[in-house]
Amino acid sequence: MKIIILGAGQVGASVAENLVSEANDITLVDTSPDYLANLRERLEIRTVCGNAASPSVLREAGADDADLLIAVTQSDQTNLCACRIAKTLFNLPTRIARLRSTDYVDNPELLNDDNFAVDFSICPEQIVTDYIKRLIAFPEALQVLEFADGVVSLIGVRAFEGGPLVGHPLKALRFHLPNVEVRIAAIYRNGEPIIPEGDTVIVPGDEVFCLAATVHIRQVMRELRRTDRPMRRIMIAGGGNIGFRLARSIERDYHVKLLEVDKRRAEMLATQLSHALVLSGDTTDEKLLENEGIDETDLFVALTNDEEDNIMSASLAKRMGARRTLALINRKSYVDLVQGGPIDIAISPAHTSIGSLLAHVRRGDVVAVHSLRRGAAEALEIIAHGSPKDSKVVGRRIEEIPLPKGATIGAVVREEKRGDGKVIRRVVIIPHHDTLIEREDHVIVFCTHKNLVRKVEKLFQVGFTFL
């Protein structure tokens with residue numbers, strides 16, 4: 001595909017990095033020549049320096065014959081104007097915009113073809129907020145991802161000494177959980193992927209990814225590690241977009257304290273939040289943390305705009321007795337460096353939110369794409385289309401599907417419908433070697449390396465005879 005990306009910030013750069021590896025023709029537009037020069041050194045992309053909402057700049061970027069526009073600058077107005085111009089002047093087929101303000105989301109008619117002409121909008125801040133909320137609900141997890149509208153969940157956990165399954169082969173799982181269907185999709189040991197087999201033994205420290213129906217996930221997690229007590233007291237460092245969104249969405253269910261260094265911003269937040277306690281102060285102030293009971297805090301979440309401050313405050317909170325710490329960190333090198341030490345979970349906003357974008361770029365009918373292990377692996381939800389004549393998947397048993405090494409089918413969601421086509425229920429199938437894939441099945445595929453994604457997508461594409 002010929003793709004134009006507007007904005008070379010964290011999200012734009014991450015999208016470019018993911019898409020250029022799949023042989024797409026990428027042009028990146030930004031007002032900063034330094035950002036563009038840095039990305040040109042690392043990636044095989046074209047760059048254009050200029051205002052992303054300028055018709056002449058879009059023309060120079062190749063809007064006349066581009067397939068897709070991804071507008072992810074820091075400005076909602078720039079992104080919206082760029083989509084409108086791309087539609088009106090260049091009739092560019094697909095336009096995606098990053099929108100930070102909820103006003104546009106609350107008034108979707110503004111995004112239709114008669115107005116700003118946005119085909120799909122994403123809000124990375126809201127995606128990150130929802131992601132953190134899932135981690136709060138599953139305090140033992142490193143990663144919590146949902147598929148098929150929440151029917152299936154993929155959980156990443158670190159195996160601990162004393163877990164019922166630790167030290168035993170995976171085939172013992174069916175004796176521990178005789179009434180629960182579960183699939184160990186992948187195991188990472190010392191950062192390297194291990195393809196799970198029946199005789200594979202889980203050892204302490206392994207990063208284990210499990211797929212199961214969402215209603216069974218807690219039972220599965222108990223087999224791998226001790227169950228942590230539920231979160232009750234949560235301290236949020238940083239009252240920016242994400243910190244405010246998180247506080248507002250959880251303040252009724254948890255004891256929430258929000259720290260904000262800017263006094264004016266703190267006063268504004270206090271008027272917007274009903275139950276959370278808003279404090280004005282430095283998130284790395286040891287005395288402030290001590291006075292506010294950091295040693296009794298279940299989760300300390302560092303969400304400021306300064307990743308160094310996030311690392312410092314989360315590390316300090318852990319040393320002072322916080323049970324669990326989470327930090328928002330932009331640079332991937334930092335994420336790999338700090339996670340697992342004093343910081344339990346490090347989140348990269350770009351990697352967390354990129355799945356929503358990739359699902360609209362992937363080939364075939366890809367419903368969801370989730371980036372795993374800070375971008376090293378991916379999990380896809382793909383709808384199987386076609387018939388046994390023109391599909392390499394439909395009408396075939398799992399063992400007959402030529403999956404590339406490192407890719408595994410972890411789950412299948414099958415819809416049961418009434419005669420009028422209305423869906424009665426969705427059935428989660430944890431497949432075995434002889435499970436048959438049917439037309440319209442939602443297939444969850446786990447790829448231990450993102451380079452496998454293109455091969456998997458191609459496998460699910462329907463031949464030319466399919467109408």
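Biologist: With which residues is Glu-292 in contact, leaving aside its neighbours within four places in sequence?

Modeller: Glu-292 lies in the loop between helix H11 and strand E15, residues 299-302. Helices (H or I, at least four residues) and strands (E, at least two) are DSSP runs, numbered from the N terminus. Contact means heavy atoms within 4.5 Å. With neighbours up to four places away set aside, the partners of Glu-292 are Met-235, Lys-257, Leu-277 and Leu-279.

Biologist: What pLDDT do local features need in this model?

Modeller: Residues are numbered from 1 along each chain as its sequence is written, and side-chain values use heavy atoms, with hydrogens and water left out. This is a predicted model: totals for chains, interfaces and linings use all residues, side-chain atom pairs count only at pLDDT 80 or more, and local features need pLDDT of at least 70.

Biologist: How far is Glu-292 from Arg-426, C-alpha to C-alpha?

Modeller: Along the chain, Glu-292 and Arg-426 are 134 residues apart.

Biologist: What is the radius of gyration of the protein chain?

Modeller: The C-alpha trace spans about 70 × 65 × 50 Å along its principal axes. The radius of gyration is taken over C-alpha atoms, and the globule rule is 2.2 Å times the number of residues to the power 0.38. For 467 residues a compact globule would come near 23 Å, and the chain agrees, with a radius of gyration of 23 Å.

Biologist: What percentage of the residues in the protein chain is buried?

Modeller: Buried means under 20% relative accessible area, exposed over 50%, and partly exposed in between (1.4 Å probe, protein chains only). The chain contains 15 helices and 22 strands. Among contacts with a separation of 6 or more, 61% join residues 24 or more positions apart. Of the 467 residues, the buried share is 54%.

Biologist: How many residues of helix H9 are buried, and which are they?

Modeller: Helix H9 covers residues 241-250 and is mostly covered, with seven of its 10 residues buried. The buried residues of H9 are Ile-242, Gly-243, Phe-244, Arg-245, Leu-246, Ala-247 and Ile-250.

Biologist: Which residues form the aromatic cluster?

Modeller: Rings of Phe, Tyr and Trp (its six-membered ring) pair if their centres lie within 6.5 Å; planes under 30 degrees apart count as stacked, over 60 as edge-to-face and the rest as tilted. By this rule there are two aromatic pairs. One is edge-to-face because the ring centres of Tyr-188 and Phe-209 are 6.0 Å apart with planes at 80°, while Phe-209 and Phe-446 make a tilted pair at 5.6 Å centre to centre and 50° between planes. The cluster is formed by Tyr-188, Phe-209 and Phe-446.

Biologist: In which strands do Phe-209 and Phe-446 lie?

Modeller: Both Phe-209 and Phe-446 are buried. Their pair links distant parts of the chain, 237 residues apart. Phe-209 belongs to strand E11, and Phe-446 belongs to strand E22, residues 442-447.

Biologist: Is Thr-283 buried or exposed?

Modeller: Thr-283 is placed in the loop between strand E14 (277-280) and helix H11 (286-291). Beyond residues up to four places away, Thr-283 touches Ala-237, Gly-238, Leu-259, Leu-289, Phe-300, Thr-304 and Ser-313. The relative accessible area of Thr-283 is 5%, so this residue is buried.

Biologist: How far apart in space are Val-453 and Ala-407, C-alpha to C-alpha?

Modeller: Val-453 is found in helix H15, residues 453-460. Val-453 counts as buried because its relative accessibility is 0%. Val-453 and Ala-407 are 46 residues apart in sequence, and their C-alpha distance is 8.5 Å.

Biologist: What is the phi of Ala-148, a residue other than glycine?

Modeller: Ala-148 lies in the loop between strand E7 (141-147) and strand E8 (152-158). At 2% relative accessibility, Ala-148 counts as buried. Its phi is positive, near 50°.

Biologist: Is Asp-149 buried or exposed?

Modeller: Asp-149 also lies in the loop between E7 and E8. Although Asp-149 is not a glycine, its phi is positive, about 55°. With a relative accessible area of 72%, Asp-149 is therefore exposed.
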